[in-house]
Amino acid sequence: MDLDIRLVDEKDIAILDKHLSFGTPGKHQKRVALQKEDKGLYLIAWEGDVPIGHVFIKLDGPGEQAVKDAVGTFPNLEDLLVVEEKRERGVGTKIMKEVERQLCERNYKKLGFGVGIDELKTIEFYKALGYGKADVEPFKVSWKNEKGEKDGETCIYLTKDLSCS
Ligand SMILES: CC(C)(COP(=O)(O)OP(=O)(O)OC[C@H]1O[C@@H](n2cnc3c(N)ncnc32)[C@H](O)[C@@H]1OP(=O)(O)O)[C@@H](O)C(=O)NCCC(=O)NCCS
């Protein structure tokens, strides 16, 4: 697979809206803006000129204040996604490796994120990459889906001390 994982560029927004239109409307544009303000990193996985995955890193920590109070302030991963037809071919793992490389390059030493408490296979995926459960009570995360309806789930928080060389 001809895979390239790189930081988003403003000119990518239209193609991202077309191919990766899941989740909150306008999210690509919002993340590009946050990256411009040095508040986030938005990595896109490209197969040729088609985007097949993404992940956003919020550099100033988890959005939920209770979680931030419990774990501290370090980059927080959000919305890792690989399109369904490209899963289980190593793309998700490669995106996570690139996230860690980008963070190490910027001198960040830790990464964390919430995962749905019932998403056992996804939790296994992160555990295989060295992430472990932080000492944080399960917490609720809510968002608006593509129809603008409120959605949400209960999450646990995983972290990893990055081994930057
Ligand atoms: C989680 C996700 C990004 C993983 O991407 P991927 O490209 O399939 O990951 P990889 O191919 O690198 O998988 C690595 C391993 O984890 C396993 N795995 C990862 N996620 C899995 C899942 N949801 N179900 C079953 N197995 C999974 C793969 O089978 C593979 O196992 P192997 O190394 O023994 O072959 C992808 O499944 C996805 O987009 N899921 C929907 C969105 C989501 O749940 N995101 C996480 C939010 S916290």
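## A walk through the fold

Let's start at the ligand: the shell of residues around it splits into six nonpolar, four polar and five charged. Keep in mind that this is a predicted model. Of the 15 residues around the ligand, the ones that come nearest are Arg87, Gly92, Thr93, Lys121 and Phe125.

Now step back to the whole chain. You'll find five helices and eight strands, and reading along the sequence gives the pattern β-α-α-β-β-α-β-α-β-α-β-β-β. The C-alpha atoms fill a box of roughly 45 × 40 × 35 Å along the principal axes. A compact globule of 165 residues would have a radius of gyration near 15 Å, and the chain agrees because its own value is 15 Å. Buried residues make up 25% of the 165 residues. As for contacts with a separation of 6 or more, 62% of them join residues 24 or more positions apart.

Next, the inside. Nonpolar side chains tend to be buried together in soluble globular proteins. Here the largest nonpolar core has 28 residues, and the members that touch the most others are Leu43, Val55, Leu77, Ile95 and Val99. The elements giving two or more residues to this core are β2, β3, β4, α4, β5 (110-116) and β8 (150-161). β2 gives the most, with five residues.

Which residues does Val55 touch, leaving out those up to four places away in sequence? They are Leu43, Leu77, Asp79, Leu80, Ile95 and Val99.

Finally, have a look at helix α2, residues 27-36. Its buried residues are Lys27, His28, Arg31 and Gln35. Why do these sit on the same side of α2? They cover an arc of only 95 degrees around the axis, so they end up on the same side of the helix. An α-helix has 3.6 residues a turn, so residues three or four places apart point the same way. Covering the buried residues of α2 are elements including β1 (3-7), α1 (13-19), β2 (40-47) and β3 (50-58). After α2 comes Asp38, with a positive phi near 60 degrees.

Methods:
Residues are numbered from 1 along each chain as its sequence is written. This is a predicted model: local features need pLDDT of at least 70, side-chain atom pairs count only at pLDDT 80 or more; totals for chains, interfaces and linings use all residues. A residue is near a molecule or strand if its C-beta atom, placed from the backbone, lies within 6 Å of it. Ala, Val, Leu, Ile, Met, Phe, Trp, Tyr, Cys and Pro count as nonpolar, Asp, Glu, Lys and Arg as charged, and the others, Gly among them, as polar. A residue is buried if 20 or more other C-beta atoms lie within 10 Å of its own, exposed if 12 or fewer, and partly exposed in between; C-beta atoms are placed from the backbone. Helices (H or I, at least four residues) and strands (E, at least two) are DSSP runs, numbered from the N terminus. The arc is that of the directions from the helix axis to the C-beta atoms. Two residues are in contact if their C-beta atoms, placed from the backbone, lie within 7 Å. A nonpolar core is a set of buried Ala, Val, Leu, Ile, Met, Phe, Trp, Tyr and Cys residues joined through C-beta atoms within 7 Å. The radius of gyration is taken over C-alpha atoms; the globule rule is 2.2 Å times the number of residues to the power 0.38.
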